[in-house]
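Visitor: I am new to this structure and would like to know what stands behind the labels used for it. Please show it to me first.

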Amino acid sequence: MNKGFSEDFLWGGALSACQAEGAYNEDEKTLTIPEVMKFNPKNDRKVTKQIQINMEMIKEAKNDPDTIKYPKRRGIDFYHTYKEDLALFAEMGFKVFRYSIAWARVFPNGNDKKPNEKALEFYDNVIDECLKYNMKPLITISHFDMPIVLIEKYGGWYNRELIDLYLRYCEVIFSRYRGKVNYWVTFNEINMSVKAGAKTLGILNEGQSNYEEMLFQGLHHQFVAAAKATKLAHKIDANNKIGSMVAYFTTYPYTCKPEDAMAMQNDDQMKNLFFLDILNKGNYPYYSKTYFERNNIELKIEAGDLEIIKEYTADFVGMSYYNSMISSNDGEQLELTAGNVHSVYKNPHLPSNEWGWQIDPVGLRYTLNHVYDRYNKPIFILENSSGFIDKLNDDFSVNDPYRIDFLKKHIEQMKLAIEDGVAVIGYTMWGPIDMISSSTSEMTKRYGFIYVDQDDYGNGSKKRYKKDSFYWYQNLIKTNGREL
Ligand code: BG6
C-alpha cells in the first residue's frame, strides 16, 4: 500500500496574472475582461451572481482609467514585486509555482505581426527566478483573462479564427520556454464557461436567440485548440506535459431516492465529466449528444476536428477543488448557498466559509477516486483552499488557525486518496499570497500564506507579511507531508 507522498511530489502554490499582476496598461498591454469588471461592495456574500458583461460595459470601462473601481487593474502589483514574492515562496520550499501568462501582454492587438518583447521579458524574468530557486514553473496559458481586442475584433471563441491565434501564442511561449517550462495547462477551469461565458470564452450574452449553443460552439473551438496545442507542445519538447483542467463540482444526491441519484448523475456529467471526457478520452460522450438534441444545440464541427481531439488528449488531469454541492430532483424547497461561479443547494451536513462556500474535505478524496477511476491518468490538484477574513495584528503577525485547519483536513484526505491508489502528482494551493478575488474583485476575501497590506479600495502599503500558516506550510513541505 502506498503510504504517502512520493519523494518528487510537487508541493506549491498557484496565482493568476489577472488577479496578481496589476500594471494593466504597462508595456503595451491591452485590456482584458477582468479589468472591465467593477468591484461591487453591495454584493450579498451568500449569493453567487455572475456579472453580465456586455459591450456597453466594455465601452464605459475603456474610457475610464480608474483602478479603484476596477481592482484587477492594480492586482497586488506582482508585475513589480515578483522577485520579492517568489523569494517568499522559495522560503516556504515550493517545488512548483503555477502562474499564468497574459495573452493580452504577449499579443496586445490579438493579431500582431510579432509578439511583444517587453511582455516576454517579464515572463522570462519570472520563469528564471523560479528556476533559480529550483521551483518548477507550471504555466496556465489562459486563465480567465480574455483580451478585449479578441472580443471586439472576432467575437471571442465563438469565432473559429481564435484557434489559430491561440496556437500562435502557444508557439511563441512553448518555443521561448523550451527546456525551462515542462508543465502547461491549456485553459483554466474550462468547465466554468457554461456559467461565465464572457470570462472564459469572450462570448457576450446580448440577448442572442441561442446563447447556450454559442457557448458550446466556443467550447468546441477550445477543445480543438487544446488538442492542437498538445500536439505542438510535444513536437517542440518531448518532455512537455500538458494538462486539462476543470473546477470539480463534486455532487451528492440530496436523499437516497433514485430520482436524486439520477439528478446527481446528470449534474456530474454536464458540469464536470463532459469536459474531462473530451480532453482526456478524446470523444464527445453519448450523454452530451443527447443533451444537445434536447436543448436544440447544433455544433459546426469541421472535417478533422474529431480526429485531432481523439489523437491529442491531455497528459494529466488538472482540477481545482473548493467545495461540493448536492443534486435533487425536486430542489425547489431546498436552501441555496453560494459556490464557485454558481449558487448550489446547501448540504445540511457541511459547514461553510464566510462567503457560503461549503467546506468538504472528504469530498476531495471521493473526487480523486472518482476521477482516477475514469481516466487512469495522473491527477494534479491545481487549486484548493478557501477565502477567509484575516486581521493584521499590531506586531504585523496574522493568526490564521482556520486556514491551517482547512488545508490540513484537505491534505489529509488527499493523502488517503493516494493510499487508496490514486496517482496524485502535485498540489498547488490556491493563492499563497493574498490577491484580488476572481468572483467579487475584493481584497477582503483572502487566501494567502502571505498577507498583502491592501484593502478593497487599494489603500495600504502593499507590504507583505507572513501569516502563521506560512510557517505551517513551510514545515509541511520540509517533511513532505509527514507533519501536518
Ligand atoms: C477559481 C479560479 O475558480 O477560484 C481562481 O481559478 C479564483 O482564479 C478561485 O481566484 C477562488 O475564487 P474567488 O472568487 O474566491 O477568488
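Visitor: Why is Ile-297 called buried?

Guide: In this predicted model, the relative accessible area of Ile-297 is 7%. Buried means under 20%, so Ile-297 with its 7% is counted as buried.

Visitor: Where is Ile-297 found, and what does Ile-297 touch?

Guide: Ile-297 sits in the loop that joins helix H11 (286-294) to helix H12 (305-311). Leaving out residues up to four places away in sequence, Ile-297 touches Glu-212, Glu-213, Phe-216, Tyr-291 and Phe-292. Met-214 is 83 residues from Ile-297 in sequence, yet their C-alpha atoms are 8.7 Å apart in space.

Visitor: What makes Glu-7 exposed?

Guide: Exposed requires a relative accessible area over 50%. Glu-7 has 66%, so the label exposed applies. Glu-7 is in the segment before strand E1.

Visitor: Which residues does Glu-7 touch, not counting those up to four places away in sequence?

Guide: Glu-7 touches Asn-480 and Arg-482. Glu-7 and Asn-480 are 473 residues apart in sequence, while the distance between their C-alpha atoms is 7.3 Å.

Visitor: Is Asn-480 itself buried or exposed?

Guide: Asn-480 is buried, because its relative accessible area is 9% and the cut-off is under 20%. Asn-480 lies in the segment after helix H15 (468-478).

Visitor: Why is Phe-396 called partly exposed?

Guide: Partly exposed covers what lies between buried, under 20%, and exposed, over 50%. Phe-396 has 45% relative accessibility, so it counts as partly exposed. Its place is in the loop between strand E11 (379-384) and helix H14 (401-420).

Visitor: What makes Ser-16 buried?

Guide: The relative accessible area of Ser-16 is 0%. Buried means under 20%, so Ser-16 is called buried. Ser-16 is in the loop between strand E1 (10-14) and helix H1. Apart from residues up to four places away in sequence, Ser-16 touches Glu-21, Tyr-99, Ser-100, His-143, Trp-430 and Met-435.

Visitor: How do you know that Ala-198 is buried?

Guide: Ala-198 has 10% relative accessibility and therefore counts as buried, the limit being under 20%. Ala-198 belongs to helix H8 (residues 197-201). Among its contacts beyond four places in sequence are Ile-33, Ile-53, Met-146 and Tyr-211. Ala-198 and Gln-52 are 146 residues apart in sequence, with 7.9 Å between their C-alpha atoms.

Visitor: Which residues of H7 are buried, and what do the buried residues pack against?

Guide: The buried residues of H7 include Leu-162, Ile-163, Tyr-166, Cys-170 and Phe-174. The buried residues of H7 pack against several elements, including H4, H5, helix H9 (211-236) and strand E5 (241-247).

Visitor: What about helix H5?

Guide: Helix H5 (residues 117-132) has 16 residues and reaches 22 Å from its first C-alpha to its last, close to the 22 Å expected. Among its buried residues are Ala-119, Phe-122, Asp-124 and Cys-130. The buried residues of H5 pack against elements including helix H3 (78-92), strand E2 (96-100) and helix H7 (161-176).

Visitor: What makes the radius of gyration agree with that of a compact globule?

Guide: For 484 residues, a compact globule would have a radius of gyration near 23 Å. The protein has 21 Å, which agrees. Along its principal axes the C-alpha trace spans about 60 × 55 × 50 Å.

Visitor: How many helices and strands are there, and how much of the protein is buried?

Guide: The protein has 15 helices and 14 strands. Of its 484 residues, 61% count as buried. Of the contacts with a separation of 6 or more, 75% join residues 24 or more positions apart.

Methods. Residues are numbered from 1 along each chain as its sequence is written. This is a predicted model: local features need pLDDT of at least 70, side-chain atom pairs count only at pLDDT 80 or more; totals for chains, interfaces and linings use all residues. Side-chain values use heavy atoms; hydrogens and water are left out. Helices (H or I, at least four residues) and strands (E, at least two) are DSSP runs, numbered from the N terminus. The radius of gyration is taken over C-alpha atoms; the globule rule is 2.2 Å times the number of residues to the power 0.38. Buried means under 20% relative accessible area, exposed over 50%, partly exposed in between (1.4 Å probe, protein chains only). Contact means heavy atoms within 4.5 Å. The expected span of a helix is 1.5 Å times one less than its number of residues.
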